[in-house]
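Please look through the structure below with the explanation beside it.

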Amino acid sequence: MELSPDGIVLHDGRKTVFANKAAMNILGAKAQNQVIGVPISKFVHPKHWGKVKERIKKEKVGKDAPLREEKFVRVDGRIIDVSVAGRPVAIDGVSLIQVVFRDISEQKASANKIKESEEKLRTISENIGDAIFAKGKDRCFTFVNPAAVQMMGLPQKKIIGSRAEDVFSPHDAAVIKYVDDKNFQGHQVNEIKTLKLGGNKRNLHTVQSPIFDNKHNVIGITGVVRDVTESKKIEEALMNSEERYRIITAQTKHLIYDYDINTGKIKWDGAVNSVLKHSLNYMNSQIDFDGWVKMIHPDDRKETIRLLNEAQKKCCNFYDQYRFKTKGGVYIYVEHSGLFLPDKDGRPYRMLGTMSDISERRAIDKMKSEFVSMASHQLLTPLSDIKWLITELTGLAGDHCSTEQTNKLNQIRKSNTKMVELVKDLLSVSRIESGTNFILEYSTFNFSSMIKEVLKQYKSLISAKNLKVRLSFKGESCRCEADQKKLEQVVTNIFSNSVKFSKKGGQINIDCECGIKKIHCKVQDFGMGIPKKDHKKVFTKFFRADNATMSDTEGTGLGLYIAKAIVDAHGGSIWFDSQENKGAQFHFTFNKKPFK
Amino acid sequence: MIDGPKIITIVEDDTIIANVLKNKLEKENYEVKVAKNGESGLKLVKEVVPNLVVLDLILPRMHGFEVLKAIKADPTISKIPVIILTNLGQDEDRQKGLELGAIDYCSKSDIDVATLIDKINEILGK
């Protein structure tokens, strides 16, 4: 009894009369008197005392009490779990109760832990997005978690106890069989497999292991499956765009940059070497934002930075052409376009864009402009001579000219005037092209008188086509301070089109609205109009609508291009509205006072 | 002293224009002297001290603007009115000509001979 590992206590129903060593240990007693002679109620958890009293009553009348679990209170007050059994004994004629007990606190704690972790596992398996399953030796499903049920798209009842070929399409069943076979050969599988679950192709990352018995026979399979269809798509897209970017940067003739506004760092890429002669490494290690600024030609720097700041402020597109220094100190013309990107607060934090060498293009453009300018001047000299000679000839002939001779002279004069006008238009175009702005010669004049003057010049043409022209003015005074000659050209260019493209007997309406700051002029005809497909090109140079070229070969297609440039220089706008065969309405506005 | 005919100097390398203008001006009783390049034109103006100069711009040897500058820089001839008659019709040429002191700027392809004669008559108070 002394050596038993179980605690043994004898009591008379009220007090302890004996306790072995193990009992002393379990109860945490250091001296006999801490246990012996102490009422047994002291060692029983108060909650259990009622039951214990009942048991003792039974034991007293000679009944064995079965093994049970109870909570004891140690001498130091700590509560322990014990398994306990009691039975009546008679020692030296005294009837006592013998209680045998064992401390099962640790055992209980670990059982609780197992229970907890089982619970946890169950929770995880039920809530996890990954499908978890188990199969028996017969390849029938024995377990599926809710994610697996969802992935398979079948009720759990149908899955448990079924084989893959019972519930999946032949294609999917074949794939599953292939993986299971590997497991049954003792291998683990960690692969991405494609199944056509419910008709949708899914990429499934499958980790599947065999379950062995202690003789190393495979008795089942357990697996975890994750649907990676979306992430695979993203991965593929990323790979594609990376690849594309790599090819583009290798093939492009542009410089590509990525500028971090906060640090000032620039990541350079693309045709750095062929355009700037600098190595990519040099640019990336040496040329940050300040370095870039220093490479801009000093004469262009201020304007470029101004435009850049403006774009940054609005967090929008930036575009400019400027001279940029290359490795040898030679400046090239670059065309620079970029885009500022906003952070989540809408503030620009990054800029991406390209720069390309347009020196050659600029040189060709310049040559072209210079050629047109030179040719036009050279043409003007003989044209002026002809003009002056006609006047001289008319004067010399005086009254001796026959009507026919006078007519012919007039025709020569008209042709000469047309050629002069054409050459002047070409000169204007070459100037607009070269970026030289018009210098406006401001004078004060009455816009209504000016229009009437234009109409006078067209009097013979108007009556020849039997056109009706209605002219109206509304609003404030039509007096304005602008470039009279140039605005006259705008009116002439628009009005001459209306006359040209009106049918015989047609109507032309000119309506002017004079506001306090602006004048709005509308010229409306009911002629052949402009086909819809040509609308975008109306204000481009050398534009002539298809229906116009069919009916009339005269005209250079420069009139509206020049008109737009003049209106723009006056701070106004020009637009139109037209339907083929129904006519056209041209509008333009301009400032009554010099536009700064 | 009886006033002789007023003298007009034409500096113009285009003989057609020069001749047409000369004929017309002579009909108006002006005495006309013609020079065919910038250098000789300036020399002629200094020699003759005309009442008015009609000056082309694109001239051999010396550009019309240089001739005009030289005239305006020389006090003995700086008061002579100069009309520019040219094929250079650009805004900035016109602006520059007037800034340098030309009294008028006419484009050969735009102006009528008669209109030019009217202008000259007006300037010379005829």
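In this predicted model, α12(A) is followed by Cys315(A), a residue whose phi is positive, near 55°. Is α12(A) largely in the open or largely buried? The number of buried residues among the 17 of α12(A) is one, so the helix lies largely in the open.

A positive phi also occurs at Lys277(A), where the value is about 70° although the residue is not a glycine. Lys277(A) sits in the loop that links α9 (272–276) to α10 (280–286) in chain A. Lys277(A) counts as partly exposed because it has 13 C-beta neighbours inside 10 Å, and a residue is called buried if the count is 20 or more and exposed if it is 12 or fewer.

Chain A also contains a pair of packed helices. Helix α13 (residues 359–397) and helix α14 (residues 403–433) of chain A pack with their axes 9 Å apart, at an angle of about 160°. Angles over 145 degrees count as roughly antiparallel, and α13(A) and α14(A) are therefore roughly antiparallel to each other. Their crossing is left-handed. What kinds of residues make up the contact of α13(A) with α14(A)? They divide into 15 nonpolar, seven polar and four charged.

Further along chain A is Cys478(A), in the loop between β17 (468–475) and β18 (479–482). Cys478(A) counts as buried because it has 20 C-beta neighbours inside 10 Å. Leaving aside residues up to four places away in sequence, Cys478(A) touches Asn446(A), Phe447(A), Ser448(A), Phe473(A), Cys512(A), Cys514(A) and Ile519(A). Phe445(A) is 33 residues from Cys478(A) along the chain, and the C-alpha atoms of the two are separated by 8.3 Å.

The next step is to chain B. Here 13 residues of chain B are in contact with 15 residues of chain A. On the side of chain B that touches chain A, α1 (15–27) and α4 (91–99) of chain B each supply at least two residues. The chain B residues of this side divide into four nonpolar, four polar and five charged.

The loop between α1 and β2 (31–35) of chain B holds Asn29(B). Asn29(B) is not a glycine, yet its phi is positive, about 70°. Is Asn29(B) buried or exposed? Asn29(B) is exposed, because 9 other C-beta atoms lie within 10 Å.

Pro81(B) is found in another part of chain B, in the loop between α3 (64–73) and β4 (82–86). With 16 other C-beta atoms within 10 Å, Pro81(B) is partly exposed. Which residues does Pro81(B) touch, not counting those up to four places away in sequence? They are Leu52(B), Ile103(B) and Ile123(B). The C-alpha atoms of Pro81(B) and Val54(B) are separated by 8.8 Å, and the two residues are 27 residues apart along the chain.

Methods
Residues numbered from 1 in each chain as written. Chains lettered and ligands numbered in written order. Predicted model: local features only at pLDDT ≥ 70, side-chain atom pairs only at ≥ 80, totals over all residues. Helix = DSSP H or I, 4+ residues; strand = E, 2+ residues; numbered from the N terminus. Contact = placed C-beta atoms within 7 Å. Nonpolar A, V, L, I, M, F, W, Y, C, P; charged D, E, K, R; others polar. Axes fitted to C-alpha atoms, helices over the stretch in contact; angles between N-to-C directions. Parallel < 35°, antiparallel > 145°, perpendicular 65-115°, else oblique. Left-handed = near helix turned anticlockwise from the far one by under 90°.
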